[in-house]
Structures are given as C-alpha cells and as structure tokens.
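Dear colleague,

Please find below the structure that I am handing over to you. My notes on what was found in it follow.

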Amino acid sequence: LDEMLDVPELDFVFVAPTDLSADLGLHGQIRHPQVLRLVEEAGQRIRAAGKAAGMLVLSPQDYSYWRKRGFTVLCCVAQNLFIDGARGMMNSIS
C-alpha cells in the first residue's frame, strides 16, 4: 500500500474487500471484524497520504458505514441496485 500511495498521479485507492477477505482465508466474509478493521486502517492510511479512499458498497447501510469512516469513492454493484429497485416496486404495488 505504501508504494501505491507514493505514486503522485494516483487520485484514489480502492480497497477490495472480497480480495482481502480471501487473502485472510475468510472468503466472501467482507463484514468479518478482521476484514472491517483492515479496510478501516487502509482507509486511514490512504487519506493520510492525501488520496481518496474507495470501497465497495452493497446496501444503503454499507454506504453510510463507509461514508462515516471517510471513504469518498463508493462503488455499488449494479445488480444490487436493480434487484433492490425491483423489489421496492413490487412491494409498493402488492
């Protein structure tokens, strides 16, 4: 991470929680306390280097969680948006 943060042309660093969880032997457990702690620590280091920290969000709760922790580049999975939107529509008309 430190070598990446030294690259002046780099505007933001995206933390990949799925990859990190796999590296820790916690495949897919992106909300495991150890994964969350390491992502938060990485975000602090990224922001301290003057870069924007990026993170994956899968829900409105994820968005709020990471936004409160200073992550400003938040990417969601389009499939989740479509599913949640369709579910909301169906719930409102049933």
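Which side chain meets that of Arg45 in a salt bridge? The partner of Arg45 is Asp2, at 2.8 Å from N to O; a salt bridge here is a side-chain nitrogen of Lys or Arg within 4 Å of a carboxyl oxygen of Asp or Glu. Arg45 belongs to helix α3 and Asp2 to helix α1 (residues 2-5), so the pair links distant parts of the chain, 43 residues apart.

Some remarks on the source are needed. This is a predicted model, in which local features need pLDDT of at least 70 and side-chain atom pairs count only at pLDDT 80 or more, while totals for chains, interfaces and linings use all residues. Residues are numbered from 1 along each chain as its sequence is written, and side-chain values use heavy atoms, with hydrogens and water left out.

The average pLDDT (the predictor's confidence in each residue, from 0 to 100) is 92, and 99% of the residues score at least 70.

As to the fold, the protein has five helices and three strands, in the order α-β-α-α-β-α-β-α along the sequence. Helices (H or I, at least four residues) and strands (E, at least two) are DSSP runs, numbered from the N terminus. The C-alpha trace spans about 55 × 30 × 20 Å along its principal axes. Of the 94 residues, 24% count as buried; buried means under 20% relative accessible area, exposed over 50%, and partly exposed in between (1.4 Å probe, protein chains only).

The salt bridges number five in total. Besides the pair described above, two further ones deserve a note.

- Asp62 and Arg31 form a salt bridge whose closest N and O atoms are 2.6 Å apart. Asp62 lies in helix α4 (residues 60-68) and Arg31 in the loop between α2 and α3, 31 residues apart. Asp62 is buried at 9% relative accessibility, whereas Arg31 is partly exposed at 48%.
- Arg69 and Glu40 meet in a salt bridge at 3.2 Å, N to O. Because Arg69 lies in the loop between α4 and β3 (73-76) and Glu40 in helix α3, the pair ties together parts that are 29 residues apart in sequence. Arg69 is partly exposed at 31%, and Glu40 is partly exposed at 22%.

Yours sincerely
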